[in-house]
Amino acid sequence: MSEGAGRTARPRRADARRNEQTLLDAAAAVFVASGVEAPVRDIAAEAGVGTATIYRHFPTRADLIIAVYRHQVEACAEAGPELLATRPTPYDALGRWIDLFVDFLVTKHGLAAVLHSDEAGFETLHAYFLDRLVPVCTELLRAAAAAGQVRSDIGALELMRGVGNLCIGAENNPDYDARRLVGLLVAGLRTEA
């Protein structure tokens with residue numbers, strides 16, 4: 001039996017995970033500001049690394065975009081319970097989570113074009129998105145409804161689709177304020193005081 005046989009792969013070092021998270025955060029910020037076709041050198045500058053470091057972690061632009069997509073889905077999923085625990089009200093937590101979701105959607109717009117030739121890959125990511133985020137939005141809506149702050153007849157997927165539809169076009173028009181329109185939608189969920 002060889003020396004490495006029977007052993008499981010070692011988990012990545014904490015600093016390696018942090019470095020990758022820094023790259024993904026930087027890429028997401030650049031994608032929000034400039035779109036998914038932004039130069040890699042801009043992402044490297046934002047992350048404070050060389051372009052070779054980015055290519056070592058993500059050999060293709062598609063690899064980077066998919067990693068950012070997954071990273072942002074996870075960030076949104078993890079933010080829901082944290083916001084419920086730390087914001088003054090469930091409605092406030094829902095509103096802040098929706099802001100994060102809008103940021104994610106703005107980044108996501110270029111994904112379809114990048115994955116156009118890989119329909120199965122796109123469907124897998126979409127299923128991942130739904131599996132991770134619909135339950136979080138459901139939890140936020142239920143908490144706000146239980147507190148009497150929002151209507152109880154709105155489903156998470158329905159709200160997320162509405163938010164998504166309001167974000168369409170934001171990337172092509174600098175005067176289009178998707179966050180403002182989404183804020184109006186979320187305000188419309190409020191119950192009569």
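Are Trp97 and Phe101 buried or exposed?

A: Both Trp97 and Phe101 are buried, where buried means under 20% relative accessible area, exposed means over 50%, and partly exposed covers what lies in between, with a 1.4 Å probe and protein chains only. The model is a predicted one, in which local features need pLDDT of at least 70 and side-chain atom pairs count only at pLDDT 80 or more, while totals for chains, interfaces and linings use all residues. Residues are numbered from 1 along each chain as its sequence is written, and side-chain values use heavy atoms, with hydrogens and water left out.

The two residues belong to helix 5, which runs over residues 90–108, and they are four residues apart, about one turn of the helix. Helices here are DSSP runs of H or I with at least four residues, strands are runs of E with at least two, and both are numbered from the N terminus. An α-helix has 3.6 residues a turn, so residues three or four places apart point the same way.

A pair of aromatic rings is described by the distance of the centres and the angle of the planes. Rings of Phe, Tyr and Trp (for Trp, the six-membered ring) pair if their centres lie within 6.5 Å, and planes under 30 degrees apart count as stacked, over 60 as edge-to-face and the rest as tilted. Searching the whole structure on these terms gives five aromatic pairs. The Trp97 and Phe101 pair is stacked, because the ring centres are 5.5 Å apart and the planes stand at 5°. Phe101 also pairs with Phe104, with centres 6.3 Å apart and planes at 25°, so this pair is stacked as well. Phe101 and Phe104 both lie in helix 5, three residues apart, again about one turn of the helix, and both are buried. Taken together, ring pairs link Trp97, Phe101 and Phe104 with Tyr69 and Phe129 into a cluster.

Cys137 lies in helix 7, residues 119–146, and counts as buried because its relative accessible area is 0%. Leaving out residues up to four places away in sequence, Cys137 touches Trp97, Ala156, Leu159 and Met160, where contact means heavy atoms within 4.5 Å. The C-alpha atoms of Cys137 and Gly80 are separated by 7.4 Å, although the two residues are 57 residues apart along the chain.

Gly80 leads on to helix 4, in which a kink of about 30° lies at this glycine, shortly before the proline Pro81. The bend at a residue is the angle between axes fitted to the seven residues ending there and the seven starting there. Helix 4 has 26 residues, 61–86, and should span 38 Å at 1.5 Å a residue, which agrees with the 36 Å between its end C-alpha atoms; the expected span is 1.5 Å times one less than the number of residues.

Arg70 lies over the face of Tyr128, at 4.2 Å from the ring centre, and the charged end of Arg190 sits over the ring of Tyr91, 3.9 Å from its centre.

Helix 8, residues 156–167, contains Leu166, which counts as partly exposed because its relative accessibility is 24%. Beyond its neighbours within four places in sequence, Leu166 is in contact with Tyr176, Ala178, Leu181, Val182 and Leu185.

Of its 193 residues, 35% count as buried, and among contacts with a separation of 6 or more, 65% join residues 24 or more positions apart. The accessible surface of the chain comes to about 11000 Å², with 52% of it belonging to carbon and sulfur atoms; such areas come from the Shrake-Rupley method with a 1.4 Å probe, and for residues only the protein chains shown count as cover.

Notes:
A charge sits over a ring if NZ of Lys or CZ of Arg is within 6 Å of the ring centre and within 35 degrees of the ring normal.
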